[in-house]
Amino acid sequence: MLYLIGLGLADETDVTIKGLELIKKAERVYLEAYTSILLVDTEKLEAYYGRPIIIADREMVESSSDEILAGANTFDIAFLVVGDPFGATTHTDLVLRARELNIPVQSVHNASIMSAIGATGLQLYNFGQTVSMVYFTETWKPASFYDRLKENHQIGLHTLVLLDIKVKEQSLANLARGRKIYESPRFMTVAQCASQMMEIEAEKGEGICGPKTLAIGVARIGARDQKMVAGTLDQLSEADLGAPLHSLVLLGRRTHYLERDFVRAYAVDMAIFDAVWGDFYEGEKGRR
């Protein structure tokens, strides 16, 4: 059997009892380590699980799936995923490959950012499409996310924005020369995401993610030291939420007053939050 086991969001203790029992009996244990990260070192996981862990980077998962699946038709293989097993399409690809090889697959689900974002006080059924924000470069500033934001904006829904992480990435120069030299890990911050969004808004000019758009920045969601900050994108572009991982939510204009009251407690400046709410969001209250 191939087991896809969700680890939750924060540390080694977030694994479910079912997941832990399966890990302890598996022949091999892989940890997918590029779509997201846990907030603890692999050594802590190994000590808690009582098993050695093989780190599965992007190259292994996408190009060497046969190595992961080898023997899974005769003994158990555990593939560990931060959050929930199906939070990334890569894991769907792994399941399809296992099916081709007639390998049974079972999933053990866990909390993911898609559900834990409810800790902000925003109602999950008021979210639209989730989008990703990648690091801009001097020559590459993809704006495809803007169209998804616009679609959510038009029907008044919140948007969860997942921020880029760079783990075991090669520079363009090293990639071109085939050198296995990797850059230091990088994790996008709420401040950087807010700045990039406003940069694209300045080009598009459709009022989707401008300086006065209300948003919530979250960091280390699910951990004991999780942090949330609410305010305009202009304010969040200067916010320091500390260590990774960060995410951002744009408030939809159909935000319920109970959601507003919950979020308001995290405001950088309540007076500014209330003023922007009154100018751009209050008019929607009567239409809910």
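Leaving aside its neighbours within four places in sequence, which residues is serine 65 in contact with? Let's start there, everyone, and keep in mind that this is a predicted model.

You will find serine 65 in helix H4, which covers residues 65-69. Once we set aside the neighbours within four places in sequence, its contacts are Met60, Leu94 and Arg97. Is serine 65 buried or exposed? Its relative accessible area is 14%. Buried means under 20%, so serine 65 counts as buried.

Now let's turn to the sheet. Five strands make up an open sheet, and their order is S3-S2-S4-S1-S5, with parallel pairing. At the edges sit strand S3 (54-56) and strand S5 (105-108), each of which pairs on one side only. If you follow the sheet from one strand to the next, the twist averages 25 degrees.

Have a look at one pair in that sheet. Strand S1, residues 2-6, is joined to S5 by four bridges, and the two run parallel. Here leucine 2 stands opposite valine 105 in S5. Packing on the sheet is helix H1, residues 17-25, which touches S1, strand S2 (28-32), strand S4 (77-81) and S5. The direction of H1 makes about 135 degrees with that of S1.

Next comes another pair of strands, S6 and S7. These run parallel too, and three bridges join them. Methionine 133 stands opposite leucine 163 in S7. Why do we call S7 largely enclosed by the rest of the structure? Because four of its five residues are buried.

Both of these strands bring us to my last topic, the largest pocket. Its volume is about 940 Å³. How many residues line the largest pocket? There are 39, and those nearest its centre are Thr35, Ser36, Gly87, Leu162 and Leu163. Several elements give two or more residues to this lining, among them helix H5 (89-100), helix H6 (113-116), strand S6 (131-133) and strand S7 (159-163). Strand S10 (214-219) and strand S12 (246-250) are also on that list. Which strand gives the most? That would be S6, with three residues.

And what kinds of residue are in the lining of the largest pocket? They divide into 22 nonpolar, eleven polar and six charged.

Notes. Residues numbered from 1 in each chain as written. Predicted model: local features only at pLDDT ≥ 70, side-chain atom pairs only at ≥ 80, totals over all residues. Heavy atoms only, no water. 1 Å grid on protein atoms, 1.4 Å probe; cavity = no way out; pocket = protein on both sides within 12 Å on 5 of 7 lines; lining within 4 Å. Points joined across faces, edges and corners; volume = space filled by probe spheres on them. Nonpolar A, V, L, I, M, F, W, Y, C, P; charged D, E, K, R; others polar. Pairing = 2+ DSSP bridges. Axes fitted to C-alpha atoms, helices over the stretch in contact; angles between N-to-C directions. Contact = heavy atoms within 4.5 Å. Buried < 20%, exposed > 50% of the residue type's maximum accessible area, 1.4 Å probe, protein only.
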